[in-house]
Amino acid sequence: MMNSPLQAKLSPTATPVSPAPGEAYDEMVTGQGVIRPHWQPLLATLSELGAVGLAERAERGRQYLEDEGVTYNLYELPGSPGPSGAAIAPPLPEQRPWRLDPVPVLLSAEEWASIEVGLIQRARLLDTLLRDLYGPMDLLTQHRLPPALVYGHRDFLRAARRTDGQPPNQSSGRMLQHYAAELVRGPDGIWRVIADRTQAPAGAGYALQNRRVMSRLLGQALRQCRVRPLNAYFEYWQADLAARAPQQTDNPRVVLLTPGPYNEAYFEHIYLARELGATLVEGADLTMRDGRIFIKTLAGLEPVDVILRRLDGEWCDPLELRADSTLGVVGLMQALRDGQVNISNAIGSGLAGAPALQAFLPKLSEHLLGDELSLPSIATWWCGQAYALKEVEARFDDLVVRSAHGLNDRPVVVASLPEAERASFLAQIKARPGDYVAQERITPSVSPGLGEKGLEPQPILLRVQVVADGEDYVVMPGGLARVPSSNDPFAATLQRGGINKDVWVVAKDQGPTVIRGTATRQRLALRRSSGTLQSRVADDLYWLGRSVERLDGGARLLRAVLSRVVGEFSSARDLVEMAVLARAMARCGLLDQKAAAAPPDSALFVGSITRACAPSQLLGQTIDGIERLAAVSRHRFSADMWRMLNHLLGELRISQPAATGDADAMLEFCDQMIRATAAIAGMLAEHMTRGSGWRFIDFGRRLERAIFIARSVSAATTVLSQNSESAFRVALEVSDSTLTYRRRYRAALQAAAVFDLLLLDGSNPHALAFQLQTMAQHLDALPNPDAPPRGADCLALAKPFADLVALFDRDEISRDDMAQLSARLRGSLDATCDALMDVSDQLSRSYFSHVQVARAFGFGS
């Protein structure tokens, strides 16, 4: 605890909200029961819609958000960890749909002006605080802050502190470029800050998404209420990021560093990267070479100027911060010190969001800014001070207790604890008082929202965004409103789910918005290829293409089997066809060898076919893989492409049958898989520019299809000497080439004609030669075309088949000759599969990794 001489300097000045008689503050209705003027146009629209119309708009909004794939990933199990703060092992992240209430929160222009002033002042204060704590530390030496709050905070990163007199974020003195505050209005009508988000605050992208949905649901009301738009905020943000490049250029490289698709706000990371013109990267996409940070692209290493950080600071550099981090970039801190890159927010900025600091902000505002804090915090007591601990003990039942250092730890509402637990919890606080902070419980204001019985009052908490604009700050005119559960504003976090609302700020006038710093100084060179595709993204796109084609091939094989299972197969031809299909499925990993060798009417064979459609089997795993790869590659797709992908994959997930043995249902599911893969292939062909991204997707598809053709034809060769027509029929069917063959030949199935169509015909999109030719074209068009594999290597794989097909093209072939030729062809096909696997490995080595050649160090002279 702090000793008494420091008490006067360290004491907070925030005072609790005076208990107000009556109910919570009503955002829409005055105390005299009069509708506030800025709400009246919206209520007129809502009255016209009625309960049924509003519910219909809500359903439209839900469907739109689902189509857009707007989610927030879950990390926590339901329930509270309890007052002990014991950690709960988190489950795998679960994608939770974003819930948006169709009734917004309205704020008048005059009221918003005071909030705006208070937030800008608060951002300046926290930035000044950070620059001192990561620089001279005058606040500690002058005893204006207790050292325990700084040195004991997990977000105080010593590696980020500058002791050479330079600014902590050297290319600009600012450490806090982006800031979010959570506001609650008490019964007295005053807005207060309940939490400061200074690490990598989420919510800006979700707020813009909310506004775009609301413009479709209540566009007329949006115009009638004269609501201020949000777009200008992102233009300011984009301009500020570009202006902070250490090496001033007209087109600086800005990247958004994300922890990856399993992060809770990954959707927003994609959304922000698009809005801000930044490249979405993970730590594995970046490397430090010669003191600079580079992004690994197919064209080589390209320098990075500004990093918009969505990754917590401690994970950013495993060399100087957390050694167990696999999300950061080795050497990032050194590049930052050398002034080679700018990071927003500065690493270490999470320190300013410590809940305990709110107790000291009023005094710090007077000292650092010379002004009183115009937007107060909620009354806060840090238990590490003796007087504060006594105050907490006296008010204990009316307080909320949380960790002094972390905003993500779940707060404990003391009144919700059983009487027997309160005493033990208080004893726990007294044992380690510096670890806890207590804040007053406050009844949040209410705003109308759509409930089960129509409009009803809902408690709200605002999350408002602030971004730097040169040496000043700009506030988003609106933000994200949350509806807390149990009327508890401390529970209104994004991670804990709940309802979201758009916030409308009424404009005073409709004057134009001027954005400073967006114009370039010189004319940009025209480009038709960005050349910035990350190697990791190319890898994901390549495997997305392979997975889509693998699903198509597997579905075609399974459909061919099921179409025979549901009918009567008793003839010798049917048995041969089933044998060919079973072997092809075994080669593709859909059946084990034992089941493939079993009779088609056996329980083992039928049971294995039934299980092949189950989610846990290969096709189900392939669908899972497509969903994952599509999600991590989402930023490479247009909005229309993503909506269609999301819809197709969602339909597959819903209609996927359980292992019930219903052959008809499984057959329908196979048809649906084939339709979905055809739709995905069509979208990729029509909506992606012919750059490296499209080439890798299509290369993956062609390589996987080539392997499928080789395996299916190889399976057919195992029975040529017994019943060649049955084998040919199956090979043509699963390759979708039956109609082409019949149109050309019309006669009986012959080996040379079938093999020529499936192996050598460059005009047939289901022929092996077509795949090899297309792969060769892609390789020759990629950056560094001399790197292996080369286009010529792919074309060479088709050469052995021309001679073999010619040997089949004879008037008469004995059964022994057919068996020998079949064995030779099967050997060539199997060798081609192995060669294609090697092509895949070479592609990975050449384009998906950037490994420096190790130097040889000798000893002696």
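**View 1. Helices α14 and α28 pack with their axes within 10 Å.** Helix α14 spans residues 535-565, and its axis crosses that of α28 at roughly 160 degrees. Axes are lines fitted to C-alpha atoms, for helices over the stretch in contact, and angles run from 0 to 180 degrees between N-to-C directions. That angle makes α14 roughly antiparallel to α28 (under 35 degrees is roughly parallel, over 145 roughly antiparallel, 65 to 115 roughly perpendicular, the rest oblique). The crossing of α14 past α28 is right-handed. A crossing is right-handed if the near helix is turned clockwise from the far one by less than a right angle, and left-handed if anticlockwise. From α14, Ser-535, Tyr-542, Trp-543 and Arg-546 take part. They meet Met-837, Ser-840, Leu-843 and Tyr-847 of α28. Contact means heavy atoms within 4.5 Å. The residues of this contact divide into 5 nonpolar, 2 polar and 1 charged. Here Ala, Val, Leu, Ile, Met, Phe, Trp, Tyr, Cys and Pro count as nonpolar, Asp, Glu, Lys and Arg as charged, and the others, Gly among them, as polar.

The model is predicted: local features need pLDDT of at least 70, side-chain atom pairs count only at pLDDT 80 or more, and totals for chains, interfaces and linings use all residues. Residues are numbered from 1 along each chain as its sequence is written, and side-chain values use heavy atoms, with hydrogens and water left out.

**View 2. Helix α28 also packs against α21.** The axes of α21 (residues 692-716) and α28 (residues 815-847) lie 8 Å apart, at an angle of about 160 degrees. That makes α21 roughly antiparallel to α28. This crossing is left-handed. On the α21 side, the contact residues include Phe-696, Phe-699, Leu-703 and Ile-707. On the α28 side, they include Leu-829, Cys-833, Leu-836 and Met-837. Arg-711 of α21 and Arg-826 and Asp-830 of α28 also belong to this contact. By class, its residues divide into 14 nonpolar, 2 polar and 3 charged.

**View 3. Helix α14 meets α20 in a left-handed crossing.** The axis of α20 (residues 663-687) comes within 9 Å of that of α14, and the two cross at roughly 150 degrees. The pair is therefore roughly antiparallel. Contact residues of α14 include Val-548, Leu-551, Asp-552 and Arg-556. Those of α20 include Met-666, Leu-667, Cys-670 and Asp-671. The contact of α14 with α20 has 12 nonpolar, 2 polar and 4 charged residues.

**View 4. Phe-696 and Phe-755 have the most contacts inside the largest nonpolar core.** That core has 112 residues. A nonpolar core is a set of buried Ala, Val, Leu, Ile, Met, Phe, Trp, Tyr and Cys residues joined through side-chain atoms within 4.5 Å. Buried means under 20% relative accessible area, exposed over 50%, and partly exposed in between (1.4 Å probe, protein chains only). Beyond its neighbours within four places in sequence, Phe-755 is in contact with Val-713, Thr-717, Leu-720, Phe-728, Leu-760, Val-805, Phe-808 and Leu-825. A second, separate core of 74 residues includes Met-137, Cys-316, Leu-375 and Val-437.

**View 5. Met-137 and His-143 have positive phi values.** Phi of Met-137 is near 60 degrees, in a residue other than glycine. Met-137 sits in the loop between α3 (109-133) and α4 (138-141). Its relative accessible area is 7%, so Met-137 is buried. Phi of His-143 is also near 60 degrees. His-143 lies in the loop between α4 and α5 (147-151). At 39% relative accessibility, His-143 is partly exposed.

**View 6. Glu-314 is a buried residue in a loop.** The loop runs between β11 (306-309) and α10 (332-337). Glu-314 has 18% relative accessibility. Leaving aside neighbours within four places in sequence, Glu-314 is in contact with Leu-157, Leu-321 and Arg-322.

**View 7. Cis peptide bonds join Ser-344 to Asn-345 and Pro-788 to Pro-789.** Omega is near -10 degrees for the bond from Ser-344 to Asn-345. Asn-345 is in the loop between β12 (342-344) and α11 (361-368). Pro-789 is in the loop between α25 (768-781) and α26 (791-796).

**View 8. The protein chain has 28 helices and 22 strands.** Helices (H or I, at least four residues) and strands (E, at least two) are DSSP runs, numbered from the N terminus. Of the 861 residues in the chain, 57% are buried.
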